[in-house]
Amino acid sequence: MAAAFQDGWAWWVIGLAVGVPVLLVGLTELLGVLRRRRHALAGPVALLRNAVLPAGALFALLAFAIRSPADQVWVRVVATVFGFLLILLVLSSFNVVLFSNAAEGSWRKRIPSIFVEIARLVLVVVGLAILFSWVWDADVGGLFAALGVGSIVIGLALQNAVGGVISGLLLLFEQPFKIGDWLDAAGVKGRVVEVNWRAVHIDTGSGIQIVPNSSLSGASFTNLSEPDGPYQATASVAFTTDDPPHEVMALLVEVAEALPDRIRDARVGVEYAGKGAFSVSIPVASPADAGRALSLYLSWLWYAARRRGFALDGDGSDPLAEPALLEAAVEDLGPRLHLREHDRELLRESSRLERYGAGEVVIPTGVVPDRVLLVAEGRATLALDVDGGWIEFASAEPGEVVGHTALTRERTQAVVTAAEVLTVLAVPLATVDALVRSNPRLAVDIGESLELLRTRATEALAAVGLTRRSLTDR
């Protein structure tokens, strides 16, 4: 017994018999804590407890306690397995330390997982080569040379394919864009729906465009979604040099600010380039809203320019300016409003026809109208603006009046919009006053219509738990 302790193998047996169970119990408790906290180190600790520690104990038992010859096959096999597991443990631990708690936006967070896997594979191969050279006395130099020559031959044969893969990996590492961003790349504009090693898939609205990574990495492109904030939808419009620039700019801003897709907290930008050319920038939430916003803006601008007498695109003619159209509208509205002949003549002399595009604001809220509008064609809707949303409570059909508060000189609490292409007869306030004085029945009809609208507005507010007073206080 004394000789056993003197040789040292007895100490190894006792140490393994006592130390291994203690370490297993300690690692089991530690693993339970890590798993309850869902910590990334739970994986390496489990590998240490379940594989590395038993293999290391077996190797220590064979090599130091039993003292089996180092060239014995079983010793070499156990040493190889233990060394391989130890390599995996070290690599797994480094992976957890470097990448598991990486901050957002850091290079460790952006690095593609394929890079990590390739680096891990290379380290495992190198570690195994050193292990086989040390344990089995293997000559791995020739193997590395053969692999190097083979890699060069394969790389030359597949350089185009490999180049695309490398370009894709570099894009994944740099991350100049992400899924959902809008790109303008080599004439292809759309939203990124997929990014892989070989290509980027862009939804252009008319199909999926496949753009190779090598094309993106070798050329410039624009990420329309960066930086964060409103996206500027731009439009270039032209008027004639006879149109006053400042009045035209005011019109461009007015039409743009009424767009439903415009971001309310951002300002519309208008620049005058000379010779009747203007550039308009409309802030929208994303490029996805730009096309819809610009389409609606240009259609509304066509109607607004005709109403103001401006020559959009060099054409200032108003289709409604024909006297015959005004005459027909007055003759149609006269019987509905109980107008006598001299009243109709007054309308012909002082009123004019105007047309609004579908969805366009006819009378905004919070203003005192200086005229009354008689609906000639189409339909208008009346709505209350409550917390940025509209509550529709009435509509105006041909022959009906909108802008009643012009008679009472009150601010409007409702917004009037065109539900479809709308044609109205705009009657100045002075003309309306003259018609009311000469035709008391018209005054009664307008008063009853105004009271009916107020009642409907009150009912609409009551349906959402508000009152007209609370709306006024807002």
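Author: Here we go through pockets and then cavities. This is a predicted model, where local features need pLDDT of at least 70, side-chain atom pairs count only at pLDDT 80 or more, and totals for chains, interfaces and linings use all residues. Residues are numbered from 1 along each chain as its sequence is written, and side-chain values use heavy atoms, with hydrogens and water left out.

Reader: What is a pocket, and how much space lies in the largest pocket?

Author: Rolling a probe the size of a water molecule over the atoms shows where empty space is left. On a 1 Å grid over the protein atoms alone, a pocket is an open set of points with protein on both sides within 12 Å along at least five of seven lines, whereas a cavity is a set where a 1.4 Å probe fits but cannot get out; lining residues have an atom within 4 Å of a point. Points are joined across faces, edges and corners, and a volume is the space filled by probe spheres set on them. Here the largest pocket holds about 890 Å³.

Reader: Which residues lie nearest the centre of the largest pocket?

Author: Among its 32 lining residues, those are E254, V361, V362, I363 and P364. Elements giving two or more residues to this lining include helix 10 (245-257), helix 11 (287-308) and strand 10 (361-363). Helices (H or I, at least four residues) and strands (E, at least two) are DSSP runs, numbered from the N terminus.

Reader: How do the residues of that lining divide by class?

Author: There are 18 nonpolar, four polar and ten charged residues. Ala, Val, Leu, Ile, Met, Phe, Trp, Tyr, Cys and Pro count as nonpolar, Asp, Glu, Lys and Arg as charged, and the others, Gly among them, as polar.

Reader: Which element gives the most to the lining of the second largest pocket?

Author: Helix 16 does, with five residues. The second largest pocket has about 360 Å³ of space, and T405, T412, Q413, A414 and L450 lie nearest its centre.

Reader: How many cavities of 30 Å³ or more does the structure hold?

Author: Two. The largest cavity has about 80 Å³ of space, and its lining has eleven nonpolar, no polar and no charged residues; among them are L337, V372 and I446.

Reader: What classes line the second largest cavity?

Author: Four nonpolar and five charged residues, with no polar ones. This cavity has about 60 Å³ of space, and helix 11 supplies the largest share of its lining, four residues.
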